[in-house]
Amino acid sequence: MNKMELITAVADELELPRSRAAQAVDAVLGSIESALKRHEEVRLVGFGSFSVASRKASVGRNPRTGEEIAIPPALSVRFKAGKTLKDALNEQDSSGE
C-alpha cells in the first residue's frame with residue numbers, strides 16, 4: 001500500500017472526500033515526524049512504537065574494489081510492532097490466507 005492507497009482507504013472508511021482524508025493522513029504522518037525529530041518515541045497502543053536509533057560510525061568495504069570506506073554516524077527510525085498488530089497478523093497466517 002502506498003500513500004495514495006492509504007488516503008483512499010481512509011476516505012472510503014470514513015466516507016470523507018479524498019482531500020480531507022489526505023489532510024488527515026498528512027497531519028498524522030507530520031506529527032509522527034515532528035516527534036521523532038525531537039527524539040521522542042511515538043507509541044500507538046496496539047499498533048506499535050516508532051523510535052529514533054543512532055548508528056555509530058564504522059568502516060565498510062566497497063564490494064567491487066574491496067577498498068575500505070568510512071561510513072558516517074547516522075540516525076534511523078525503528079518500528080516495533082505492538083501485540084495487537086502481531087496477533088492480527090498471526091491470526092491471518094494461521095487461517096491459511
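Modeller: Welcome! Helices (H or I, at least four residues) and strands (E, at least two) are DSSP runs, numbered from the N terminus. This is a predicted model: local features need pLDDT of at least 70, side-chain atom pairs count only at pLDDT 80 or more, and totals for chains, interfaces and linings use all residues. Residues are numbered from 1 along each chain as its sequence is written, and side-chain values use heavy atoms, leaving out hydrogens and water.

Colleague: Which helix gives the largest share of the lining of the largest pocket?

Modeller: On a 1 Å grid over the protein atoms alone, a pocket is an open set of points where a 1.4 Å probe fits, with protein on both sides within 12 Å along at least five of seven lines; lining residues have an atom within 4 Å of a point. Among those lining the largest pocket are Leu6, Val25 and Phe50. The largest share, 5 residues, comes from helix α2.

Colleague: Which residue meets Lys3 in a salt bridge?

Modeller: A salt bridge is a side-chain nitrogen of Lys or Arg within 4 Å of a carboxyl oxygen of Asp or Glu. For Lys3, the N to O distance is 2.6 Å. The pair links distant parts of the chain, 23 residues apart, and the partner in helix α2 is Asp26.

Colleague: Is Lys37 buried or exposed?

Modeller: Lys37 forms a salt bridge with Glu33 at 3.2 Å, about one helical turn away in helix α2. Buried means under 20% relative accessible area, exposed over 50%, and partly exposed in between (1.4 Å probe, protein chains only). Glu33, at 44%, is partly exposed. Because its relative accessible area is 60%, Lys37 is exposed.
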